[in-house]
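Thanks for making the time this morning. I would like to walk you through one structure, a few residues at a time, so please have a look at it first.

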Amino acid sequence: MPLQPGEKYKISIDENNGLLAYGPNEAGIELYQSVWNEGLRPMAMDWGAFFENDTFSRDEMIEKVKQEELTGFKKLLDNKKITRSFYKLIAGDRDCFYASISAELYLQDMLKIYRSPKTDNSILAEENTMKQLQNIFDRYKPDDKNLMKSPSWTKYALSMYTKFYKQYFAKHINRDNIESLINADSHFSFWFEQIRQSFSDEALESALALLIYRAGPENNDVVEASVPAFEYFKEKYPASHYLQYFQYYMNRAILFYSGNKLDSSIYFIEAGDRINSFSELIFQLRGKKLYVDIWRITCGPCRGEFQYKDSLEIILEQHDIIPLYISLDNNNQDKKWKALVYAYNLRGIHFRANQAFIDDLNKLYLDGKNPGGNEKKSFSIPWYMLIDKNGHIVEKQAKRPSEIIATKRLLN
């Protein structure tokens with residue numbers, strides 16, 4: 001919703017899950033729900049609307065669509081149904097949104113060029129595409145305060161400009177490493193330096209905060225290269241309100257990467273690659289009642305449940321139950337996995353499964369099921385189980401932490 005400071009609205013949802021807003025610029029908010037915006041893309045967008053034809057180029061088609069949308073808001077302004085400041089907010093949002101669309105399409109062109117053999121024509125196409133991209137970022141500067149108010153600014157400034165364009169421009173990417181274009185491990189330091197060179201003041205604070213936040217546990221891991229960026233951010237913006245979103249996780253990640261001793265109640269099972277089945281693991285932990293949490297670092301719903309861990313621990317302790325976290329991450333993600341465990345402060349026992357163990361989990365899931373029917377043929381995560389002290393499964397599909405906290409009950 002496009003809102004301005006100080007405005008008050010009554011919000012409701014209609015029978016079709018549409019958003020209804022009643023307040024100063026309600027007509028403008030209603031119209032905004034009908035135009036393409038960051039909340040709808042990419043699934044709901046008709047990309048064919050931007051294809052060039054005999055009359056208009058692709059850039060002209062994008063401009064045409066944008067101006068048609070702005071015409072509707074201009075009519076509301078002329079009829080005094082929205083304020084001039086609201087119209088300015090919308091105009092900046094439309095500029096940012098369609099600049100991002102245009103940049104994204106040209107960057108797709110670049111990917112096609114880099115994925116094809118190098119020829120004289122491809123070299124010329126690369127030069128022309130880079131000129132078009134430079135024109136976009138010159139016309140719609142990523143540090144423009146009006147563009148920063150748009151929800152599209154994150155994608156435009158952080159992804160389109162910093163992560164893609166800047167790497168192409170600096171020849172940081174070539175045909176040999178094109179597939180690692182946005183790999184945080186490989187390029188985070190480069191992105192950090194480009195943001196420092198390209199932004200200043202409020203834009204620098206926002207762009208750096210987004211970079212750190214998106215490379216942290218709220219995304220899928222804690223990139224070691226993000227530590228210097230975090231230290232720089234804290235020194236430059238010690239009172240930043242953005243710190244509340246990632247400072248706790250980053251401080252714990254720093255402890256991990258520095259090799260300092262952390263919470264002794266976090267225990268990692270060593271030589272986990274030698275354990276090839278769930279029963280082997282549980283046998284090693286016999287005598288302990290366990291709440292099993294099966295997850296991986298790229299699983300958003302898995303990490304979402306971690307917010308309930310403190311309340312869950314209280315309930316588990318009352319029943320003398322220990323959390324057992326089983327990670328499905330690859331061997332090359334070992335350091336990220338452990339850093340994330342410490343960042344979330346997941347007290348309990350931790351084990352990273354090999355492929356044989358994962359295959360065994362799948363057999364456990366299918367035990368008693370008919371894989372030829374409508375049942376799923378493999379398990380999904382997060383997956384939770386309850387194990388008694390004799391190693392027997394009490395609940396093969398146990399409640400999630402959020403459900404346990406809501407019902408105050410462990411068993412279904």
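When I speak of helices and strands, I mean DSSP runs numbered from the N terminus, where a helix is H or I over at least four residues and a strand is E over at least two. Please keep in mind that this is a predicted model, in which local features need a pLDDT of at least 70 and side-chain atom pairs count only at pLDDT 80 or more, while totals for chains, interfaces and linings use all residues. Residues are numbered from 1 along each chain as its sequence is written, and side-chain values use heavy atoms, with hydrogens and water left out.

Let me begin with Leu3, which sits in the segment before β1, the strand of residues 10-13.

Next comes Phe86, a residue of helix α3, which covers residues 84-114. Is Phe86 buried or exposed? Phe86 counts as buried, since its relative accessibility is 0%. If we take contact to mean heavy atoms within 4.5 Å, and leave aside residues up to four places away in sequence, Phe86 touches Pro2, Gln4, Asn25, Gly28 and Ile29. Of these contacts, I would point to Asn25, which is 61 residues from Phe86 in sequence, although their C-alpha atoms are 7.4 Å apart in space.

A polar atom of the Ser240 side chain lies 3.1 Å from the backbone nitrogen of Tyr242. Apart from residues up to four places away in sequence, Ser240 touches Glu205 and Phe233.

As for α10 itself, its buried residues are Tyr249, Met250, Arg252, Ala253, Ile254, Phe256 and Tyr257. The cover over these buried residues of α10 includes α8 (201-214), α9, β3 (266-268) and α14 (334-344).

Finally, the cysteines. If a disulfide is taken as a pair of cysteine sulfur atoms within 2.5 Å, the count comes to one disulfide, and this one joins Cys299 to Cys302 with an S to S distance of 2.2 Å. The link of Cys299 and Cys302 is right-handed, with 80 degrees about the S-S bond. Cys299 is buried at a relative accessible area of 9%, and Cys302 is buried too, at 0%.

Methods:
Buried < 20%, exposed > 50% of the residue type's maximum accessible area, 1.4 Å probe, protein only. Polar contact = N/O pair within 3.5 Å; in protein donor to acceptor, adjacent residues only side chain to side chain.
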